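This report describes one protein model together with its ligand. Please look at the sequence and the coordinates before reading on.

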Amino acid sequence: MNLAALPLPIKLSVTFFIVLTACGLVVSEILVHSDLHPERGCPLPNLTMIKAKYSYSPLYRAVLTTMRKHLENKLELKAIIDWCQSGGDRTEFYEKIAPILNQRCLHCHGKNICRGDVSLRNWGDLAPLVINRGLPVAKLIRQTHYHIFGFGILILGLTLIFNLTRYSNRAKIWLTVIAYTAALVNILGWWAAKLSHTVAVVILISGLTLMLTITIIVVLSFLDLWVLKQVTSAE
Ligand code: HEC
């Protein structure tokens with residue numbers, strides 16, 4: 001079967017699907033970026049962002065990302081990060097960390113107001129936020145659940161379309177295998193990153209590979225549908 005030779009309504013439907021997919025890619029990139037962007041202005045997901053989301057403790061992640069704006073300067077940020085990385089010592093907490101939290105955070109995470117159900121009043125409240133690493137299991141299960149189905153259906157749709165194009169079988173096999181493998185490795189990486197920071201590299205590479213593969217499939221399919229058509233009809 002040949003994609004470009006299919007009736008116009010089917011070609012239109014396929015075109016809408018791949019154009020929507022391309023828009024979806026852009027939106028998901030914006031989402032990842034607005035969700036977590038420790039270094040302002042950095043347009044692509046980077047290692048620090050990924051480690052913050054999948055490997056660091058909730059406190060480390062919060063001060064590096066969403067709660068960073070509440071800190072006055074980099075020294076305060078460094079003090080909290082160093083304290084998290086050294087394991088969250090109790091004495092050091094009351095000496096160095098509590099004064100910062102009192103000033104910057106407790107009006108939202110104190111006794112009366114407890115935003116996000118997070119209390120930062122004393123070491124006991126804070127300990128789980130420093131000891132646990134990565135995303136909470138409940139969040140990971142939810143994220144894994146909808147990504148397994150989402151990736152599965154998206155990749156199936158795109159690779160089926162690509163398999164109806166006139167490109168070589170080798171290109172079809174490679175792009176199909178790479179897309180599914182990258183998606184699977186990406187999801188497994190979210191879990192493995194709880195155990196080691198270095199897995200963030202795997203998440204970054206598999207995520208970028210998946211995006212690139214989808215982009216290639218979308219562009220090549222679009223070319224085959226509408227641009228390369230005249231070449232074959234002239235033959
Ligand atoms: C203006 C109010 C406000 C201030 C000030 C504030 N927070 Fe928050 N914080 C929130 C809200 C609302 C949430 C829940 C929603 C969210 O995660 O953005 C939250 C969530 C959190 C979480 C949980 C994040 C997670 O991943 O579950 C942590 C940890 C946290 N804040 C730490 C801090 C620290 C440390 C400071 C001080 C540097 C601070 N917050 C200052 C409002 C505030």
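**Model and confidence**

This is a predicted model, in which local features need pLDDT of at least 70 and side-chain atom pairs count only at pLDDT 80 or more, while totals for chains, interfaces and linings use all residues. Residues are numbered from 1 along each chain as its sequence is written. The term pLDDT stands for the predictor's confidence in each residue, from 0 to 100. For the protein chain the average pLDDT is 89, and 92% of the residues score at least 70. Helices are DSSP runs (H or I, at least four residues), numbered from the N terminus, and strands are runs of E of at least two residues. Confidence in the protein chain is highest in α9, at a mean of 97, and lowest in helix α11 (residues 229-234), at 53. Where pLDDT is low, the predicted coordinates should not be read in detail.

**Domains and annotated spans**

An automatic or database domain assignment supplies the domain bounds. Domain 1 comprises 3-39 + 135-234, and domain 2 comprises 57-131. Their C-alpha centres are 38 Å apart.

An unreviewed UniProt entry carries the annotation "transmembrane region" for residues 146-164, 173-193 and 199-223. UniProt positions are given in the numbering used here, feature names are shortened, and annotations may be inferred rather than shown by experiment. Two of these spans are tabulated.

| Span | End C-alpha distance | Helix | Strand |
|---|---|---|---|
| Residues 173-193 | 30 Å | 95% helix | 0% strand |
| Residues 199-223 | 36 Å | 100% helix | 0% strand |

**Helix α2**

A residue is called buried if 20 or more other C-beta atoms lie within 10 Å of its own, exposed if 12 or fewer, and partly exposed in between, with C-beta atoms placed from the backbone. Helix α2 (residues 47-54) is largely enclosed by the rest of the structure, because six of its eight residues are buried. These buried residues are M49, I50, K51, A52, K53 and Y54. Their cover includes α3 (58-64), α9 (169-192) and α10 (199-227), where contact requires C-beta atoms, placed from the backbone, within 7 Å of each other.

**Ligand shell**

The ligand is surrounded by 19 residues, the closest being A62, C105, C108, R115 and G116. The largest share, five residues, is from α3. By type, the shell holds eleven nonpolar, five polar and three charged residues. Here Ala, Val, Leu, Ile, Met, Phe, Trp, Tyr, Cys and Pro count as nonpolar, Asp, Glu, Lys and Arg as charged, and the others, Gly among them, as polar.

**Single residues**

Two residues of interest belong to the loop between α6 and α7. One is I113, which is exposed, with 10 other C-beta atoms within 10 Å. Beyond its neighbours within four places in sequence, I113 touches H107 and C108 by the contact criterion. Its C-alpha atom is separated by 28 Å from that of L140, 27 residues apart along the chain. The other is D117, in the loop between α6 and α7 (123-131). D117 counts as exposed because it has 6 C-beta neighbours inside 10 Å. The phi of D117 is positive, near 60 degrees, in a residue other than glycine. Most residues other than glycine have a negative phi.

R133 occupies the loop between α7 and α8 (137-163). With 17 other C-beta atoms within 10 Å, R133 is partly exposed. Apart from neighbours within four places in sequence, R133 is in contact with S55, Y56, S57 and K194. R133 and I203 are 70 residues apart in sequence, with their C-alpha atoms 16 Å apart.

N73, in the loop between α3 and α4 (74-85), counts as exposed, with 7 C-beta neighbours inside 10 Å. From N73 to L129 the separation is 56 residues in sequence and 22 Å between C-alpha atoms.

L12 has 12 C-beta neighbours inside 10 Å, so it counts as exposed. L12 and L225 are 213 residues apart in sequence, and their C-alpha atoms are 9.4 Å apart in space.

Note on methods:
Two residues are in contact if their C-beta atoms, placed from the backbone, lie within 7 Å. A residue is near a molecule or strand if its C-beta atom, placed from the backbone, lies within 6 Å of it.
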